[in-house]
Amino acid sequence: LPKVFKLHAAPAPRFCSECGSKLKGGARFCAECGAPVPGGGGAAAAAPAAAPDEALPVAELHCMAAMWEPAPYQSFQYQNYTGPGVGYAAAPVEAGAFVKPSGRRKALLVGCNYPGTDAELRGCVNDVHAMRDLLASEGFSTSDMTVLTDAGRGGPPPTRDNIMRGFQWLVAGARAGDVLFFHFSGHGSQQRDQSGMEEDGYNETICPCDHKRAGQIVDDEIWSNLVYPLPSGVRLTALMDCCHSGTGLDLPFTFSDRAGRWVEDENPSHSCGDVQLFSGCQDDQCSSDGDVMLFKTGGAMTNAFIRAYQSSRTPLPYHEFMQRVHGELQSRGFSQRPQLSSSQAFNLGGKKFSITDGIVANTNPQVGRQQRRKIRPRRNFGSAGGIGMMDGMIAGVVGLSLLDAIF
């Protein structure tokens, strides 16, 4: 087993009960809203700290990918794993180191059309087939790809249980040099974040085909089962073609076109693997199901990603690749703006994007979830409990049918 690093509980911060801002040590009043703090003669209370023994598991920090036994998907045994609580651990840093690909490649491809429902889509299964063909051209074996669709053709459907099992199957046994790929095409939504970790106050979600019965899959669950378990030197490229997908993997660094650099989340979730997410839109945007490629309807982002990747015989620099993806969307009349986020703040200058190469080693000296400020939701999508696919899904969609405009 790889080394296990002891987890240290982060110092319990205090937060203003009025505005949620982090309180400075010894302050009598909140610097943001002026509310009194405990000991200053007022009634403001600090946010309760999580019990370290319950919220900060120790042993599984860097071991889960190694402890999950690799097996064919159909026989893989899923283990319920909720991930770490708020806290961090020291991790070895190999700044600037590149990792040679091992040749081992695996992919999980999920497409949900939701046939026979009010939220039925048309192109998500086509997206998965197109992505399977692209990966095959990049050296992925079909035997190492798990495809979950609701096309009713005999394969496993994209239920909540099957997708969660797929996350663990994908990362099980991963070692430095391995190359992984995750693709989701379907409905995405948002739910209120009760923990105060999310920058906009909402968790991003994906909707399995049985979401009404089994529930949506929250970005916290995806990060815990797909991102956090990976050791240093493993590449996971993800493409999420769904609404509100901007930070769908809870990765700590988002690339800002305007600033020309990585921007770290206020409450970051750090990990050791090299994980990169190409999102179909920003967190507050919707993604279209109305593009056509090779006479088949598909997701705008999936088709734009594939066209941009195949537009050059050699890998393109990241900034140029993202420009081509955005250009493909704009040229077909789509207003959604793709987003790039990463687990590692690697130097983008001249670095070229490849699905199978360019793996970077860990540069994060601490891994885990860090809460620097407790954040309250800024928006109200109408559903008090954040239940159901429509909580947040309809935001910004005016004059467009659910069938054609969002997923």
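Let's start with Ile206, which touches Ile163, Phe167, Phe184, His187, Gly188, Gln216, Ile217, Ile222, Met240 and Cys242, leaving out residues up to four places away in sequence; a contact here means heavy atoms within 4.5 Å. This is a predicted model, where local features need pLDDT of at least 70, side-chain atom pairs count only at pLDDT 80 or more, and totals for chains, interfaces and linings use all residues. Residues are numbered from 1 along each chain as its sequence is written, and side-chain values use heavy atoms, with hydrogens and water left out.

- An open sheet of 3 strands runs in the order β7-β8-β9, with antiparallel pairing. Strands (E, at least two residues) and helices (H or I, at least four) are DSSP runs, numbered from the N terminus, and two strands pair if DSSP finds at least two bridges between them.
- The edges here are β7 (188-192) and β9 (217-218), and each of them pairs on one side only.
- Strand β8 (residues 202-206) is joined to β9 by 2 bridges, and the two run antiparallel.
- Ile206 sits opposite Ile217 in β9.

**The nonpolar cores**

- Ile206 also shows up in the largest nonpolar core, which has 41 residues; Ile206, Phe167, Phe182, Leu226 and Leu249 are the ones with the most contacts inside it. A nonpolar core is a set of buried Ala, Val, Leu, Ile, Met, Phe, Trp, Tyr and Cys residues joined through side-chain atoms within 4.5 Å. Buried means under 20% relative accessible area, exposed means over 50%, and partly exposed is in between (1.4 Å probe, protein chains only).
- The elements giving two or more residues to this core are β4 (105-111), α4, β6 (179-185), α6, β10 (235-241) and β14 (274-279).
- Helix α4 supplies the largest share of this core, 6 residues.
- There's also a second, separate core of 38 residues, and Val128, Phe305, Ala308 and Phe346 are among its members.

**The 8-stranded sheet**

- This open sheet has 8 strands in the order β5-β4-β6-β10-β14-β17-β11-β12, with mixed pairing.
- Strands β5 and β12 (261-264) stand at the edges with a single partner each, so one side of each has no neighbour in the sheet.
- From one strand to the next, the twist averages 20 degrees. Angles run from 0 to 180 degrees between N-to-C directions, using axes fitted to C-alpha atoms (for helices, over the stretch in contact).
- Helix α7 (residues 300-310) packs on the sheet and touches β6, β10 and β14, with its direction at about 135 degrees to that of β10.
- Helix α8 (residues 318-331) lies across β10, β14 and β17, and runs at about 25 degrees to β14.
- Strands β11 (residues 253-256) and β17 (residues 339-342) pair in the antiparallel sense over 2 bridges. Thr254 has Ser341 in β17 as its bridge partner.

**Strand β4 and its neighbours**

- With 6 of its 7 residues buried, β4 is largely enclosed by the rest of the structure.
- On one pairing, β4 runs parallel to β6, joined by 7 bridges, and Leu108 stands opposite Phe182 in β6.
- On another pairing, β4 runs parallel to β5, joined by 5 bridges, and Gly111 stands opposite Thr149 in β5.
- The chain goes from β4 through helix α3 (residues 124-137) to β5, in a right-handed β-α-β crossover. Right-handed means that, with the strands pointing away from the viewer, the path from the first strand over the helix to the second runs clockwise.

**Helix α6**

- In α6 (residues 219-227), 7 of the 9 residues are buried, so the rest of the structure largely encloses this helix.
- Those buried residues are Asp219, Ile222, Trp223, Ser224, Asn225, Leu226 and Val227.

**Pro156 and its loop**

- Pro156 lies in the loop between β5 (145-149) and α4 (160-171), and is buried, with a relative accessible area of 17%.
- Leaving out residues up to four places away in sequence, Pro156 touches Tyr73, Gln74, Val147, Leu148, Thr149 and Asn162.

**Cysteines**

- A disulfide is a pair of cysteine sulfur atoms within 2.5 Å, and the count by this rule is 0.
- Cys124 is in no disulfide, and its nearest cysteine sulfur, that of Cys112, is 7.2 Å away.
- Cys124 counts as buried at 0% relative accessibility, and Cys242 counts as buried at 1%.
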